[in-house]
Amino acid sequence: MRLTDSTDYTLRALMYLRVRDDRLATIEEIAQAYGLSRHHMSKIIGRLVAIGWVEGIRGRSGGVRLAHNARDLTVGAVVRATEPDFALASCHAAGVAAGRRECAIVEHCRLQHILLDARDAFLAELDTCTLEDLATPAQSLAAAFGLGRLRMPDPSAHDDTDRHQTSG
């Protein structure tokens, strides 16, 4: 399974905003941090504002920041909200549920159940990783974004596990 670019960029934008903590960022800054177009990032941020995970502040000194209710988001929640389709095989597609048969053995096939179990395990694993996990260690990410030294979030408010730390 491959995540769409939209989901990837959504996760990146949320990581950037989490590292910034409560400080405002512009869409241009986020787009530049990842080498993405401002237009595309604007769509991503617009959707995040509509969902309520990002707050938009209008005006000359405005920008965007992570909403407080989004601080404990799991990667699974973000993926579920942004991915358009979780059908791993044609027998999982909506057309089959509506009565269209894509496969002659769909009613007797064990593969479809194995794939559904794998998808559920994938999402369950993503549910174990929070946005905070992705944004840790914040100082090294801030440096990668060119943000310099940041005020650190309160570490006592979160689990200190580094199980999900990856490079990239």
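Q: Which exposed residues does the face of H3 turned away from its buried side carry?

A: An α-helix has 3.6 residues a turn, so residues three or four places apart point the same way. In this predicted model, where local features need pLDDT of at least 70, side-chain atom pairs count only at pLDDT 80 or more, and totals for chains, interfaces and linings use all residues, the outward face of H3 carries His39, Lys43 and Ala50 as exposed residues (exposed means over 50% relative accessible area, buried under 20%, partly exposed in between, with a 1.4 Å probe and protein chains only). Residues are numbered from 1 along each chain as its sequence is written, and side-chain values use heavy atoms, with hydrogens and water left out.

Q: Which residues of H3 are buried, and why do they line one face of the helix?

A: Met41, Ile44, Ile45 and Leu48 are the buried residues of H3. Viewed down the helix axis they fall within an arc of 95° (taken from the directions from the axis to the C-beta atoms), so they line one face of H3.

Q: What covers the buried residues of H3?

A: The cover includes helix H1 (5-19), helix H2 (27-34), strand S1 (54-57) and strand S2 (63-66), where helices (H or I, at least four residues) and strands (E, at least two) are DSSP runs numbered from the N terminus.

Q: How do S1 and S2 run, and how many bridges join them?

A: Strands pair if DSSP finds at least two bridges between them; here S1 and S2 run antiparallel and are joined by four bridges, with Glu55 opposite Arg65 in S2.

Conventions: Contact means heavy atoms within 4.5 Å.
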